[in-house]
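Trainee: I'd like to learn how to read a model like this one. Can you walk me through it, feature by feature?

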Amino acid sequence: MRFLALLALAWLLPEAAFAEEGLKALTVTTEPGGGQTYSLSLQVLFVMTALTFLPAAVMMMTAFTRIIIVLAIVRQAIGLMQAPSGQVLIGLSLFLTFFVMTPVFDTINDTALQPYLGDKLTLQQAAVEGSKPLHTFMLAQTREPDLALFTRLSGREDGYESPEQIPLSVLVPSFVTSELKTAFQIGFLIFIPFLIIDLVVASVLMSMGMMMLSPMIISLPFKIMLFVLVDGWALVVGTLASSFYVQ
């Protein structure tokens, strides 16, 4: 819509306003190699448009999905519906995501962002170079069956000759599916000790004839005490962080 508005503005301006040269926001320079370089105004427009997809990229192309699901399962397993709150879990997930993704972001900065700011790469070249570290990270976390599934659904029955040829349109859904599986596997293992406490408390109450008393009321302090004694948050966060590097 902004691009169309600029076009309409160019038609409404008098001819003398751009008699010497065209409107700079619409300047496109053809390079000797056949590529095209857009003016700074159009680059800013493209970047601002791409920022609208940033939340989806953070959730679907980084470690955020696995982390937030596991933390939510931990809260559910303990039995605390509102503690810690959703804002706290999202904030912890974001900062833990930045911690896990720091090597990837550093590589993107060194190979794409800094060369682009130094006029060594065009915007298109920087985008291609910047996607390579993310491609490598997602590929390392993606299961082969998930990758084969989406490769087959895309119409490539024969697959790809090398992992580098796998497009993001196939890799991203494969990566997200693998992350969901991994998150639920970790959540299942976390749920087991809390489930055992619930079963023990329920059995004791049944044997004492206190069937009208909710087992959740009795088991909740024991589950909180167990989680604190074993330093549960450090174990969960440390396990999540290390799970992205142990293959």
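Mentor: Start with pLDDT, which is the predictor's confidence in each residue, on a scale from 0 to 100. You need it here, as this is a predicted model. Helix α4 (residues 64–78) has the highest confidence, with a mean of 88, while helix α1 (residues 2–12) has the lowest, at 37.

Trainee: What is the pLDDT over residues 1–23, and how many contacts does this stretch have beyond near neighbours in sequence?

Mentor: The pLDDT is below 50 there, and the model gives the stretch 15 contacts beyond near neighbours in sequence. For the protein overall, the mean is 76, and 79% of residues reach 70 or more.

Trainee: Which side chain makes a polar contact with the side chain of glutamate 179?

Mentor: That of arginine 66, at 2.6 Å. Beyond four places in sequence, glutamate 179 is in contact with Thr65, Arg66, Gln141 and Phe244.

Trainee: And what does serine 178 touch, leaving out residues up to four places away in sequence?

Mentor: Gln141, Thr142, Arg143 and Asp146. Serine 178 is in helix α8 too, and counts as buried because its relative accessibility is 0%. A polar atom of its side chain lies 2.9 Å from the backbone nitrogen of arginine 143.

Trainee: Let's do pockets. Which residues lie nearest the centre of the second largest pocket?

Mentor: The general idea is to roll a probe the size of a water molecule over the atoms, which shows where empty space is left. For the second largest pocket, that space is about 260 Å³. Its lining has 14 residues, with Leu189, Ile190, Pro193, Leu235 and Val236 nearest the centre.

Trainee: Which helices supply the lining, and what classes of residue are in it?

Mentor: Helices α8, α9 (215–229) and α10 (232–243) each give at least two residues to the lining. By class, the lining has twelve nonpolar residues, two polar and no charged ones.

Notes:
Residues numbered from 1 in each chain as written. Predicted model: local features only at pLDDT ≥ 70, side-chain atom pairs only at ≥ 80, totals over all residues. Heavy atoms only, no water. Helix = DSSP H or I, 4+ residues; strand = E, 2+ residues; numbered from the N terminus. Contact = heavy atoms within 4.5 Å. Polar contact = N/O pair within 3.5 Å; in protein donor to acceptor, adjacent residues only side chain to side chain. 1 Å grid on protein atoms, 1.4 Å probe; cavity = no way out; pocket = protein on both sides within 12 Å on 5 of 7 lines; lining within 4 Å. Points joined across faces, edges and corners; volume = space filled by probe spheres on them. Nonpolar A, V, L, I, M, F, W, Y, C, P; charged D, E, K, R; others polar. Buried < 20%, exposed > 50% of the residue type's maximum accessible area, 1.4 Å probe, protein only.
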